[in-house]
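Subject: Structure for your review

Dear colleague,

Please find below the sequence and structure that I am handing over to you. My notes on what was found follow.

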Amino acid sequence: MLPIANWKDLYQSTFEFFASLNPSFSFSAESAQDSASVSDLSFPLTPRDPTPRSLSTDEQSPSLRDRLDAAEHIDIDSHNPSSCDPSFGASAAASTLYSMRREHDATKNELSRTQAEVARWEERYKTLEKTLKETRDILKVRDQEIQVLKERERNSPERHCPSTHIDCRRNRDPAHKRSESSQSRHIRLSADWSEIHDDTLSQANGNHSRNGSDLDNMSTVSEEERARSRSLETFLNKIDLWSGAQVIQAVQDLNSEILQFAASATELCTFSKQRPHSAKVTQASSEVATRLGAALSRLLATRDHSQDPMLVQLALQGCISYCISRALSSFCIGYQSKANITLTQIYTHMFHSEPQPTSSRWRALTHKHIHELHPELNEYAINEMTETIFRWSLDIFLISGSTNPQPNPASRENFRARFGAQVKRISKAACRLAQVTKEEIMSANFEVIAADSGQPFDGQEMMDAFEDYGSSDGVVLCTTELGLRCSTRKATSDAPASEESIDRRILLRPKVVLESVVEVIDPR
């Protein structure tokens, strides 16, 4: 059933429609009840104006259409329960709010991730900028060093030119970089060559065939000189990869590793006053006496170390220092002993008879190619040195009356497992130091040194480890810290060098323990 308002609109629209078609249209039959009902609607049912109005269809049609559309809209709304249900509107609003909140949270999370990404890229940019700056500084320093070397090379006398003037000029002439063929031996030299070498050609016009052979010899010599200069250029202009201060620091770090192992091993072990007398102990005492001297071996075997094992720790340091110094004194660690002796003799003779760059170049090339021919040599040398340190250390514990580790294999294996990584680190550091001193330094010869047992103390060549506890007199008991010596041949000629022409400097004095230390450690 349509409401009153809809009937009213429909009635008015119908009336206006018929009035627009016929201006004289009116309702004649009306009941009183209808008149009363219509009077309440506050609009006339018939036109009261006797004068007919001429309303056009264009003016009335839009009004009619608007009213029909409004009535249809009201009817649809009246039949739509959702528009009249308040709970449905609240649910729709809650759903919209929830979706907006989810979008807001997603946006916040995306913003956080973006900010974290920006911060990470900023850190990476700072790191790259710092690395670039350091690289530029290094390149600047290298350029300065190259300029210094070029100045030295320019100021030094020419070493690569032959004695005659024509050989020097032929070395600089690019037209003679190719060897002369057999067909061009009897051809005259070009006009340019004649203009450059008039003074030499005036002496070579005697015999034509002899002149051709001389030119061939000169070409061969010049080619050899150029090849030699190219091979020497890499090493003569090469800058040392390690400085003297860096080598000293490497030796000091190695000494620290040795001290830490000796202190840790001695602290872990226990000692007894009773010493077993067996063939193993006798053999170990003999071997320790060979390595560290009879005096230290006797002190280890006769003293009581149960209260203060300081002497055992010093013996361990001396044992490892002696092992490393002996290994580094060879030409190539881990190589065959006979070949090592021969190579050491060759290099020693070459160092005293050849210029410093020549001997250093030979040493570096030989050491490098030995390792290239035997790629497993470095790993073998590390394992061999590690095994030697363990074996010598266990001999010291055995003659000192150690109860832990014991002579049985199980106890020794436990000791190796406990200190295996530490001892291997010492061996790796020693092998790395050998590679540096043999291959990466050309300006001098660096030697890792240690004082021999029984040698008189010399304050200029060594340092007393207990100098603060008394006067440094007597003979050396053992070396506890390694030293470093640098040797450079000052002579530049090919004549054999004398001792005065070799500059030897001790950059780091080895630290030794004297026999008087027994009075400091165990006064009686």
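Does S297 count as buried or exposed, and what is its relative accessibility? Please keep in mind that the model is predicted. The relative accessibility of S297 is 6%, so this residue counts as buried, the cut-off being under 20%. S297 belongs to helix α12, which covers residues 294–302. Setting aside residues up to four places away in sequence, S297 touches S285, V288, A289 and I399.

I turn next to the chain as a whole. The chain has 524 residues, and 31% of them count as buried. Its secondary structure comes to 18 helices and eight strands. Consider the contacts between residues at least 6 apart in sequence: 77% of these join residues that are at least 24 apart. The chain exposes about 33,100 Å², of which carbon and sulfur atoms supply 53%.

The nonpolar cores deserve attention. In soluble globular proteins, nonpolar side chains tend to be buried together. In this model, the largest nonpolar core has 62 residues. Within this core, the residues with the most contacts are F261, L300, I324, I396 and F415. Another core, of eight residues, lies apart from it; C332, F351, I370 and I502 are among its members.

F261 counts as buried because its relative accessibility is 0%. Not counting residues up to four places away in sequence, F261 touches I320, I389, S393, F415, F419, Q422, V423 and I426. F261 and Q317 are 56 residues apart along the chain, and their C-alpha atoms are separated by 8.5 Å.

With neighbours within four places in sequence left aside, F415 is in contact with F261, A265, C269, F390, L394, F397 and P405.

What is the form of the peptide bond from N404 to P405? It is cis, with omega near 10°. As background, most peptide bonds are trans. P405 itself is found in the loop between β2 (402–404) and α17.

L316 is in contact with A262, A265, T266, S393, I396 and F397, leaving aside neighbours within four places in sequence. The C-alpha atoms of L316 and S393 are 6.2 Å apart in space, although these residues are 77 apart in sequence.

Finally, I draw your attention to a pair of helices. Two packed helices are described by the angle between their axes and the distance between the axes. Helix α15 (residues 356–373) packs with helix α17 (residues 409–439) at an angle of about 135°, and their axes are 8 Å apart. That angle makes α15 oblique to α17. On the side of α15, the contact is made by R363, A364, H367, K368 and H371; on the side of α17, by Q435, T437, K438 and E439. The residues of this contact divide into one nonpolar, four polar and four charged.

Yours sincerely,
A colleague

How values were computed
Residues are numbered from 1 along each chain as its sequence is written. This is a predicted model: local features need pLDDT of at least 70, side-chain atom pairs count only at pLDDT 80 or more; totals for chains, interfaces and linings use all residues. Side-chain values use heavy atoms; hydrogens and water are left out. Axes are lines fitted to C-alpha atoms, for helices over the stretch in contact, and angles run from 0 to 180 degrees between N-to-C directions. Helices (H or I, at least four residues) and strands (E, at least two) are DSSP runs, numbered from the N terminus. Angles under 35 degrees count as roughly parallel, over 145 as roughly antiparallel, 65 to 115 as roughly perpendicular and the rest as oblique. Contact means heavy atoms within 4.5 Å. Ala, Val, Leu, Ile, Met, Phe, Trp, Tyr, Cys and Pro count as nonpolar, Asp, Glu, Lys and Arg as charged, and the others, Gly among them, as polar. A nonpolar core is a set of buried Ala, Val, Leu, Ile, Met, Phe, Trp, Tyr and Cys residues joined through side-chain atoms within 4.5 Å. Buried means under 20% relative accessible area, exposed over 50%, partly exposed in between (1.4 Å probe, protein chains only). Accessible areas come from the Shrake-Rupley method with a 1.4 Å probe; for residues, only the protein chains shown count as cover.
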